[in-house]
Amino acid sequence: MADRLRDATLARLPGSVARPGYDRGTVQPGIVHLGVGAFHRAHQAAYTDAVLAAGDGRWGIIAASLRSPDTRNALAPQDGLYALNIRGEADQLAVIGSIGRVLAASDEPAALLDALCAPTVAIVSLTVTEKAYCRDPASGTLDEAHPDILHDLAHPHAPRSALGWLAAAIARRRAEGLPPFTVLCCDNLSANGRTLHRLLARFAQLRSPGLGAFVEDEVACPDAMVDRIVPATTDEDRTRVAAALGLRDAWPVIAEPFTQWVVADRFPAGRPAWEDAGATLVADVAPFEAMKLRMLNASHSALAYLGLLAGVETVAEAMRDPGLAGFAARVMDDAVPTLAVPPGTDLAGYKRALLARFRNPALRHRTAQIAADGSQKLPQRVLATMRDRLALGLPVDAQALVVAGWMRYISGVDEHGKRIEVRDPAAPSLAAAAQAAGPVPDRLAPALLDMHPIFGALGRDSRVRTGVTAALARLYALGAQRAVLA
Ligand code: CS2
């Protein structure tokens, strides 16, 4: 079996593979990243790698997973190195060196807290997925009954949640007289920085009013829009990448060529010159983020639910069905009247580019991956557009069909009678509601729309109740591929 990718084997990579062009040994940790999944490694870590390569060695990353030790186990024996495989018309490989150390919070909690409290650390960034913020998705406020929040309030020095870790580190830095770090949310929430700031301040306040006020006044949480399609790595990918590297990499990441990062320029403790690596630093991220969530992520979710119900495995495959592809385009078009055009952007061009990205045949982005955690994703992707369209007096049939697709997914059986493995933090209560209602549109739609933390007041709106019930009836009667045409 081939040797493992690590510092000592880097020189053996073939010339075609890009690699860290800097001395990793002299890099200081300036960033702690929580949630070291594939997305972070294909996105922020790659931008930061370019900053290190340009000669600013203050911004090495210590990356931690809060749940599973798998990534630590894969990357620690590789000195944090891994391959980023860009797949499009051409195939490119680069070994990324910005992650100097990988931790698993579950078995190295003291090391993680020390890292968060290192004087050189100026930024803590996060990609922990929507559900890890312990918020009510409809209102964006802290779910104070969340088991992780209750746990972390009872055990503030042995936290489980991202909020718990941030608060523990901010409290210790404050006690030690160190300035706080800037907290950079890189998840697909709306107003992600402002939302995180609100959640963190509330959590800190529940710990102590003084800490709450400190977070409120002293901790900066800039907004950021992050974009790159990153399908989960498969064993086939591992084999292909190892063959190209001539070395074994336990966890390479796969991504599309496109990448975008729009960040609010509010970093009181300093930041890397990410703009030199292609990021856009702006005063206001809001229009970029709304465009991305409501055009890209909304149509992604549409393809995921409707495709999955029809038995379609990947986004590229869904895009080969003219009905589904047309529906994705319609979901994008429907968002447009609700959007402010971000500076330097043309929404028609953005849409064309999105459709081309979705068609990328080299990516196997599974509909099941995108369908997961819908209760946490639909509010900012689809329901926000629905609410704004209703306020503008515009029809909401397309959004209703996406919601209906999610509801049928929740029912746990696809159009071919095949069981769906529903992945959602609210799966138990959703499944109970779906089971009590049965696959009967008139009962299933209202039962799920009554879930207030997901739908809020929108679920009570008669236009929404009528529209979603009708869409669900169409979906059961015709199947997804025909329902999108009706
Ligand atoms: C996807 C996103 O899994 C999902 O829900 O919609 O991860 C999407 O691929 C990224 O946001 C693209 O930037």
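Reader: In which hand does H10 pass H12?

Author: The model is a predicted one. The axes of H10 (residues 286-309) and H12 (residues 322-335) come within 9 Å and cross at roughly 150°. The crossing of H10 past H12 is right-handed.

Reader: Which classes of residue make up the contact of H10 with H12, and how many are there of each?

Author: On H10, the contact is made by Arg294, Met295, Ala298, Ser299, Ala302, Leu303, Leu306 and Gly307. H12 contributes Leu324, Phe327, Ala328, Val331, Met332 and Ala335. Sorted by class, the contact has one charged, two polar and 11 nonpolar residues.

Reader: Which strands stand at the edges of the open sheet, and why is one side of each left without a neighbour?

Author: The open sheet is formed by three strands with mixed pairing, in the order E4-E3-E9. Neighbouring strands in this sheet are turned against each other by 25° on average, direction ignored. Each edge strand has a single partner strand, so one of its sides lacks a neighbour in the sheet; these strands are E4 (91-96) and E9 (253-255).

Reader: Over how many bridges do E3 and E4 pair?

Author: Strands of a sheet pair through backbone hydrogen bonds, in either a parallel or an antiparallel sense. Within the pair, Asn85 stands opposite Leu93 in E4. Strand E3 (residues 82-87) pairs with E4 in the antiparallel sense, and the number of bridges is six.

Reader: Which helix lies across E3, E4 and E9?

Author: Helix H2 (residues 44-53) lies across E3 and E4, and runs at about 70° to E4. The helix that lies across E3, E4 and E9 comprises residues 235-245 and runs at about 105° to E3; it is H9.

Reader: What area is buried between domain 1 and domain 2?

Author: The domain assignment gives domain 1 as 7-282 and domain 2 as 286-483. Their centres, taken over C-alpha atoms, are separated by 28 Å, and the contact takes 31 residues from domain 1 and 31 residues from domain 2. Carbon and sulfur atoms give 56% of the area buried between the two domains, which is about 2,300 Å².

Reader: Which residues of domain 1 lose the most area to domain 2?

Author: The size of an interface is often given as the accessible area lost when the parts come together. On the domain 1 side, three residues together account for 23% of what that side buries, and those that lose the most area to domain 2 are Lys131, Pro137 and Ile229.

Technical notes. Residues are numbered from 1 along each chain as its sequence is written. This is a predicted model: local features need pLDDT of at least 70, side-chain atom pairs count only at pLDDT 80 or more; totals for chains, interfaces and linings use all residues. Side-chain values use heavy atoms; hydrogens and water are left out. Axes are lines fitted to C-alpha atoms, for helices over the stretch in contact, and angles run from 0 to 180 degrees between N-to-C directions. Helices (H or I, at least four residues) and strands (E, at least two) are DSSP runs, numbered from the N terminus. A crossing is left-handed if the near helix is turned anticlockwise from the far one by less than a right angle, and right-handed if clockwise. Contact means heavy atoms within 4.5 Å. Ala, Val, Leu, Ile, Met, Phe, Trp, Tyr, Cys and Pro count as nonpolar, Asp, Glu, Lys and Arg as charged, and the others, Gly among them, as polar. Two strands pair if DSSP finds at least two bridges between them. Domain bounds come from an automatic or database domain assignment. Buried area is the accessible area (1.4 Å probe) that two parts lose on being put together, summed over both.
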